[in-house]
Amino acid sequence: MANAGDRFDVLVLGGGSGGYACALRAAELGLDVAVVEKDKLGGTCLHLGCIPTKALLHAAEVADSTRESDQFGIKASLEGVDMPGVNSYKDGVVQRLFTGLQGLVKSRGITVIEGQGRLVGPRTVEVEGQRYDGKHVVLASGSYPRSLPGLEVDGRTVLTSDHALALDRVPSSVIVLGGGVIGVEFASAWRSFGAEVTILEALPRLVPAEDESSSKALERAFRKRGIAFMTGTPFQSVESQDDGVTVTTKGGDTLRAELLLVAVGRGPSTSGQGFEEQGIAMERGFVLTDERLRTNVDAVSAVGDIVPGLQLAHRGFQQGVFVAEDIAGLAPTPIDETGIPRVTYCEPEVASVGLNELVARERYGDEIETVSFDLGGNGKSQILKTQGFVKLIRRTNGPVVGVHMVGSRVGELIGEAQLIYNWEAFPEDVAPLIHMHPTQNEALGEAHLALAGKPLHAHV
Ligand SMILES: Cc1cc2nc3c(=O)[nH]c(=O)nc-3n(C[C@H](O)[C@H](O)[C@H](O)COP(=O)(O)OP(=O)(O)OC[C@H]3O[C@@H](n4cnc5c(N)ncnc54)[C@H](O)[C@@H]3O)c2cc1C
């Protein structure tokens with residue numbers, strides 16, 4: 001129980017990935033910690049993000065496997081998708097993890113202050129009229145789904161990912177506005193469930209933050225799966241009818257569907273939280289920090305989606321741990337944002353770590369080498385009937401600076417890829433390491449063999 005006027009070593013505003021990770025590590029280090037949370041511990045990732053979407057995508061994979069079972073000589077037919085059943089599976093996963101997280105937080109002796117907090121002094125948070133102080137305050141208030149000017153989300157025909165996760169039916173048709181991570185993941189799941197899907201993306205390619213080769217491979221795979229997409233096509237307007245939406249693009253095309261999903265990115269949840277009033281430096285709503293995640297105000301740090309950069313749960317975890325250790329005086333090494341692994345969990349998956357080729361060329365000019373190992377030469381990928389590649393970028397005579405992968409399940413390979421990047425391994429260091437056969441990991445090994453000048457199952 002917290003009492004008004006309590007002073008904690010660390011007072012965390014927001015109990016999502018960044019905030020709760022900070023609290024857990026700080027408590028582990030013997031600090032007296034409180035977390036202010038207005039909704040549920042676990043935040044977006046656990047309740048409205050990573051976990052529920054990946055459960056949907058797994059159910060989608062089961063639907064695909066059933067539909068395509070004949071290819072493997074198995075006789076089965078997909079009778080339908082029971083969305084309430086899918087949701088109950090998804091919600092069960094979330095609930096189990098939520099219960100576990102609550103238990104963990106309690107077991108570490110962390111005080112949870114329920115309610116909406118507001119920064120009313122540099123290191124004072126007010127919650128429902130009660131004030132709490134921290135020797136250190138960590139801002140971790142997360143993000144919300146953004147829309148576009150003039151585009152009104154009504155939760156009925158025009159949805160955000162929050163609404164989409166609660167949908168109790170499979171829509172017959174959907175327009176997905178935004179071909180980034182969230183957009184393509186929903187597009188993929190809905191297509192597997194049987195919906196007609198069209199993605200509208202203003203930039204020239206799907207997953208535009210990824211290496212161009214990954215975008216091309218994903219687009220090819222989506223075309224095969226019957227997922228329509230229009231790239232380089234900015235949105236103009238939407239009109240809602242009783243039974244659907246009509247979307248007009250800037251080029252003048254009109255598209256009709258039952259639903260429009262707005263997936264144009266996430267904004268920082270910082271307005272009305274008292275941050276500006278306390279003199280915290282901000283830009284476009286994001287909280288500015290130095291590389292140690294300290295704001296310009298003494299003993300106030302910030303972590304997670306409110307800090308400019310990749311909006312990913314594991315970045316939030318790592319930032320939270322970093323800040324706790326920094327506060328405890330352990331002098332942790334600043335996080336290299338480029339070394340944060342990225343996975344888009346659509347079918348096929350897209351995974352990467354390090355620089356893409358364009359950025360590597362900007363940075364190192366012609367002093368880079370690339371190799372692409374086609375999953376056609378990987379036994380396990382053939383067994384799974386997936387297509388794609390592992391692409392490596394190295395500095396000439398130097399370490400691997402980028403790994404890019406496309407294919408079913410390649411997200412699971414990112415663990416090794418991120419070790420290679422973050423330990424600055426040379427392809428020659430990785431080449432002698434033995435990869436289990438037959439696994440998709442072998443493709444990563446083969447790509448390194450090729451880049452080290454000794455390809456095995458690849459044409460030279
Ligand atoms: C659909 C979707 C899918 C995603 N999939 C992935 C994925 O597969 N992998 C991945 O790494 N990332 C994924 N993400 C991103 C990930 O969810 C976020 O990067 C992560 O949750 C950010 O953590 P955070 O702690 O910064 O914020 P949040 O998780 O948003 O947590 C912030 C918390 O602060 C609370 N809060 C805010 N203001 C106050 C206040 N004033 N007082 C009290 N409490 C407050 C909120 O209630 C919330 O619980 C996904 C996101 C979405 C939307």
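Guide: The chain has 13 helices and 24 strands. Both are DSSP runs numbered from the N terminus: helices are H or I over at least four residues, strands are E over at least two. The radius of gyration is 23 Å, close to the 23 Å that the globule rule gives for 460 residues, so the chain is as compact as a globular protein of that length. That radius is taken over C-alpha atoms, and the rule is 2.2 Å times the number of residues to the power 0.38.

This is a predicted model: local features need pLDDT of at least 70, side-chain atom pairs count only at pLDDT 80 or more, and totals for chains, interfaces and linings use all residues. Residues are numbered from 1 along each chain as its sequence is written.

Now the close look. The part is an open sheet of three strands, in the order β12-β13-β14, and its pairing is antiparallel. Pairing here requires at least two DSSP bridges between two strands. Strands β12 (235-241) and β14 (254-257) stand at the edges with a single partner strand each, so one side of each has no neighbour in the sheet. On average, neighbouring strands of this sheet are turned by 20° against each other, direction ignored. Axes are lines fitted to C-alpha atoms, for helices over the stretch in contact; angles run from 0 to 180 degrees between N-to-C directions.

Take β12 and β13 next. β13 covers residues 244-249 and pairs with β12 in the antiparallel sense over six bridges. Glu 239 stands opposite Thr 246 in β13.

On to β14. Four bridges join β13 to β14, again running antiparallel. Val 247 has Leu 255 in β14 as its bridge partner. β13 and β14 form a hairpin with four residues between them. In that turn, Gly 252 has a positive phi of about 95°.

In general, strands of a sheet pair through backbone hydrogen bonds, either parallel or antiparallel.

For a parallel case, go to the open sheet of five strands in the order β8-β15-β9-β10-β11. Its edge strands are β8 (158-159) and β11 (228-230), and each pairs on one side only. Two bridges join β8 to β15 (residues 259-262), and these two run parallel. Val 158 stands opposite Leu 260 in β15. Helix α6 (residues 181-192) packs on this sheet. The helix touches β9 (173-177), β10 (196-200) and β15, and its direction makes about 165° with that of β10. Contact means that the C-beta atoms of two residues, placed from the backbone, lie within 7 Å.

Val 207 has a positive phi of about 35° although it is not a glycine. Val 207 is found in the loop between β10 and α7 (212-225). With 25 C-beta neighbours inside 10 Å, Val 207 counts as buried. The cut-offs: buried means 20 or more other C-beta atoms within 10 Å of a residue's own, exposed means 12 or fewer, and partly exposed is in between, with C-beta atoms placed from the backbone.

Arg 284 also has a positive phi, about 50°, and is not a glycine. Arg 284 lies in the loop between β17 (282-283) and β18 (286-287). Because Arg 284 has 8 C-beta neighbours inside 10 Å, it counts as exposed.

Two cis peptide bonds come next. One runs from Glu 347 to Pro 348, with omega near 0°. Pro 348 sits in the loop between β20 (342-344) and β21 (349-354). Another cis bond runs from His 437 to Pro 438, with omega near -5°. Pro 438 has its place in the loop between α12 (427-430) and α13 (441-451).

Then the ligand. It is surrounded by 37 residues; the closest are Gly 14, Gly 16, Gly 43, Gly 142 and Gly 304. A residue is near a molecule if its C-beta atom, placed from the backbone, lies within 6 Å of it. Elements giving two or more residues to this shell include α1 (17-28), β2 (33-37) and α8 (313-327). The largest share, four residues, comes from α2. The shell divides into ten nonpolar, 22 polar and five charged residues. Nonpolar covers Ala, Val, Leu, Ile, Met, Phe, Trp, Tyr, Cys and Pro; charged covers Asp, Glu, Lys and Arg; the others, Gly among them, are polar.

Last, step back to the chain. Its C-alpha trace spans about 65 × 60 × 45 Å along the principal axes. Buried residues make up 46% of the 460 residues.
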